[in-house]
Amino acid sequence: MATIPLHVAQRRLDAGNAVQYPQGSPIGGAMQGGMGDKFSAVAECYQQMKDQQEAFDAELARRRFNGRIAQAEDEVAANAPADGAGMHDAMYGQIDPRTGRVVTTGLFDTLFDDALANMPESQRASFAGQKEAMRAVRARPMAQRQQTRRDGYELAECTKVDNISTSSIAQSDPNDTANFEAIRQSGLDLIAKIGNPLARQAAEAAWRSNTAKALVQAMIAQDPKRAAEMLGTVQAGSRTKDDTAEAVGGSGASSTSTFDRSSSTTLDDKSVIPLDAITHLKLSDVAALRDQANTATAAQLVGARAKVQLAEQNAPAVIAATGKYPEEEPTAQDFVNIYGTEDGPKHFQTFNVTVGIAGSVFDMRSAPNRAIHAELRDLEPAPGGSQEEWARYEAKAAGAQFVLGARRADPAAYVSQMFPGRAPDWDKITTPEDYKAAITWAVAAQQEMGFDKILPLPRSAAESLAAKFIDPSVPWRQRMTDLSTIFLAVRDPQLRLEMARQLFQSGLPRLRQNAATDPKLTPADIQAREDALATGLLTVALHPARSQYNAASFWLQPLQAADDVARLMAKGITFGHADKAAAGLNSLFSDKSYEELLAAERTATEDAEDRAGSAALPAELLGGAIAGHGLASSGITLTGKLGTAALDGLTGLAARTAVASGEGAIYGAAYAHGLDEDMLSGAAAGALWGAGGNVLAEGISAIGSQVMARLAGSSEDTIASELAQSRAAKEATEVPGGDPKSAEAEVLERSAVAENPVAKITDEDDLNLVPTKRTMTSRALRKEWELLHGKPWPKDPATGRNMDVSHEKPLADGGLDHVSNIGPRTKEDHIRHHKEAGDFRRWAKRRWRQNKINNGEMM
């Protein structure tokens, strides 16, 4: 519906200025006939509608203004400082209280002007007249809001001071009353400046209560037992100052209390504590603090027990390692509190003695053995010495016993711990060269420290090597090659033997544990495996090169044997100078020194002799014979010269023997020079060989019978047999696998000589026995026995000569020709041993039965 503009609706009939019509205007007639009144009514209605709309729009503008004012107040409050300073003025400005005029405008004025500009024209005057009234109404809550912010700020700052001060009190000495009073008064002075009276009173009550609580907590921290006794004097239902109205009213001094301020001491005279402080506690706080004190008392007892027991357990070891105990050592009273008045002093005395021993251990841990013994001799009290002197001596002696025992138990590991920066890292050693360097260092360190027991390997390294050697998952050839290579790097025979002992001691329990998990193994099988382990390790220790040779591939063995024979023959041909010649020649083409090359050549020659075994001597003698024959063929000899060939009888024999002796002395001296040995001893040995050889060659009946008898008695010692590399000899060194377990037996010697009862062999079993061929001479076996036992082969007291080499399991019955199967016996004991076992009769019967079988007389 179309609307009539206001200026049209307000117009009236204009009779004077209207156009005059001759016969009258129809519109004018209509207007005069009542239409003008109707137009006036429409205009009034429109005016009313417009006023209503503007009033509505004005109300919306006011609401928007109020919303912006509320938002602005929040923003001003958010941006104001913590104490709320300037909030009112920033929002509503400043008003002169005398004139009521605005001195400075605020955000309210800016927002009001913006709202006024957007007001309908008809409402602006009315809205502008309400400005100051609106300012007054809204400024009052803003001022209250600022005051509330200030009150909160003051309480928050007081709370910070409260927390800091009470924490300081709780951690201070509760007996320091001056400090407590100073802190408490400082807080009261601050609280007195709080502007809000009610807040000030509440803060003061809280401050007194909190400081009293902190003081009691300090008492609990210092002596919870005494604090609990003090708090226990507060009976249930008794009133404290905090329960009275005066606590809020601020008149604490006039309030009724169950405590007298004059009572300023605790239950005893050990400390002075302001007991009136706890009169400001609530009864609920008293109960809570009493429970806290009781809990702390129990915890203190538990902590003291733990402290004492931990010190008893850990202090000796820590002091022995570092020289001091990092924690606080328990006192005699601690021991009394834990163990009682009767046992406490005893435990404390034991603890002191143990700690003293630990200190002695630390003092001695780096001292040589001789210094330890000297210190003990100097410290030993004279007869009638004081108890303190004997106590110091006993502590030092016990420490020395501990240190020396640790050195004997694992000497290589001990020196490694003594010199951590210089000691080898055994966990990272893998190559033979590394083992050689590490063992050399460990042995030298033990010798320097004067250890009475020297071992080349620490226990951990021995266990690692033993585990690899008996690991059944690795082929036997590989295990034997790896271990013999390491043993070859160590050139000292005694150290090799010690290494074998250590590996046996570490490998035996692993072998036994593995056997215990296999139900198929009989005791005899287990014993056989243990013997095989001992035999294998002894073989590697005594003959590492031979063990490596036996484990090598079959196609490599002939090549190595040919090289060894050539080297040994060259040694004999050159009278021991082959190594020197090779080193001198190699030094022309190598950056190594002559001494290094010579050492390498002699090492190779030693290994060749080891691989060749009893065949080494014939090869060397063959080379010497070739050289001697060549010299004799060339006329470079004394044999038959100097007119000795024409002499007969004993005179001629003596003359030729003397000449041969002189020539042998020359050869012996040359040989000793080639080996860098004593030439005088070499000449003497050469002379003996030259003289003996001539006598044997002559074969004189009278003297020859005696000489031959002596030589026949020692023929096993002088004539080397060929080394038979039989399959049985190789299988004897194969070692089964197993898992670890503690070893208790003496290492390796268990498998050497055992006087066990010999099992009876039936006739059927006897025929199945395969005799063992000799693979070693008696001299070689005696030498290995001496290395194994560390003492000379015993002499027969009846004859003064070496005892017989007796095989515990006879070679005729398949026994090993090995040091683990021999023992020294006199000739009489040797014969009696076989007689008591019935060996001679059984062997004779075996030959008789074998002959019958061969002749077809028996089946």
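1. Basis. The model is predicted, with local features requiring pLDDT of at least 70 and side-chain atom pairs pLDDT 80 or more, while totals for chains, interfaces and linings use all residues. Residues are numbered from 1 along each chain as its sequence is written, and side-chain values use heavy atoms, without hydrogens or water.

2. Whole chain. The chain holds 34 helices and four strands (DSSP runs: H or I of at least four residues, E of at least two, numbered from the N terminus). Of its 859 residues, 37% are buried (under 20% relative accessible area, 1.4 Å probe, protein chains only). Among contacts (heavy atoms within 4.5 Å) with a separation of 6 or more, 69% are between residues 24 or more positions apart.

3. Helix H4. In H4 (residues 107–117), the buried residues include Phe108, Asp109, Leu111, Phe112 and Ala115. These lie on the same side of H4 because they cover an arc of only 165° around the axis (taken from the directions from the helix axis to the C-beta atoms).

4. Helix H15. Seven of the eight residues of H15 (residues 411–418) are buried, among them Tyr414 and Met418. Their cover includes helix H14 (387–409) and helix H16 (432–448).

5. Strands S3 and S4. From S3 (residues 804–807), Asp804 and Ser806 point one way and Val805 and His807 the other, and all are buried. S3 runs antiparallel to S4 (residues 822–825), joined by four bridges (pairing needs at least two DSSP bridges). Asp804 is opposite Arg825 of S4.

Technical notes. Buried means under 20% relative accessible area, exposed over 50%, partly exposed in between (1.4 Å probe, protein chains only).
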